[in-house]
Amino acid sequence: SAEVAWHPRRVVITRDKVFLTRDGSEEIIEDVDLVSIENLRLLDKKDQLKSEGLEILMSRKERLKQEVESQNAFMFITNEDEGHGSRRFVFSCTSAEQAADWVHGLRGFVKDALNEEKKKNQFRWVVLAIKKAYRSSLGQGIVSCVILANFATAIIGAQLV
């Protein structure tokens, strides 16, 4: 039977992403947008790994289930975004407290990232409307008239001084 083992990873969290590297390496092997994280939670003995969509052989499934039960694990699933299907990540911690801290901390980062995304999108329609108006013939005519009026004002001002 194939042995199932946890793979040590270094996790780096920024304002908008989670990066995973192999232990002792700087090469990024996975990056996840924080706004794409869903279903972030602790795993417990009641979790059925098959229902979470993890595709593993039956003998390996039971082994992994035992590992999850004894390893204080948590997981998150990403939403289907940018042409990718959802992805599942399972992490093991040294204690239940550490796993709970990770879940709590990640939830905070996800919430902050979602708020930032919401702020960006809040005024996006204004920016798009201004760009559309500026690129139109009428918009170009108005900008030209404002530039011409400014130029004329500068000339008249220079003549009066």
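What order and pairing does the open sheet of three strands have? The order is 1-2-3, with antiparallel pairing. The model is predicted: local features need pLDDT of at least 70, side-chain atom pairs count only at pLDDT 80 or more, and totals for chains, interfaces and linings use all residues. Residues are numbered from 1 along each chain as its sequence is written, and side-chain values use heavy atoms, with hydrogens and water left out.

**View 1. The open sheet of order 1-2-3.** Its pairing is antiparallel. Strand 1 and strand 3 (28-33) stand at the edges, each with a single partner strand, so one side of each lacks a neighbour in the sheet. The twist averages 20° from one strand to the next. Strands (E, at least two residues) and helices (H or I, at least four) are DSSP runs, numbered from the N terminus. Two strands pair if DSSP finds at least two bridges between them. Angles run from 0 to 180 degrees between N-to-C directions; axes are lines fitted to C-alpha atoms, for helices over the stretch in contact.

**View 2. The hairpin of strand 2 and strand 3.** Five bridges pair these strands in the antiparallel sense. Lysine 17 has aspartate 33 of strand 3 as its bridge partner. Valine 18 has valine 32. Five residues lie between the strands, and glycine 24 takes a positive phi near 85°.

**View 3. The open sheet of order 4-5-6.** Here too the three strands pair antiparallel. Strand 4 and strand 6 (88-92) are the edge strands, each pairing on one side only. Neighbouring strands are turned by 15° against each other on average, direction ignored. Strand 5 and strand 6 are joined by five bridges. Methionine 75 has valine 90 of strand 6 as its bridge partner. Helix 2 packs on this sheet, touching strand 4 and strand 5, and its direction makes about 160° with that of strand 4.

**View 4. Threonine 78 in strand 5.** This residue is buried (under 20% relative accessible area, 1.4 Å probe, protein chains only), at 4%. Not counting residues up to four places away in sequence, threonine 78 touches Val32, Ser36, Ile37, Glu38, Gly85, Ser86, Arg87 and Phe89. Contact means heavy atoms within 4.5 Å.

**View 5. Helix 2, residues 96-122.** The expected span is 1.5 Å times one less than the number of residues. For these 27 residues that gives 39 Å, and the end C-alpha atoms are 39 Å apart, which agrees. Ala99, Val103, Leu106, Val110 and Ala113 are the buried residues of helix 2. They pack against strand 1 (9-13), strand 2 (17-22), strand 4 (37-42) and strand 5 (73-78).

Technical notes:
Buried means under 20% relative accessible area, exposed over 50%, partly exposed in between (1.4 Å probe, protein chains only).
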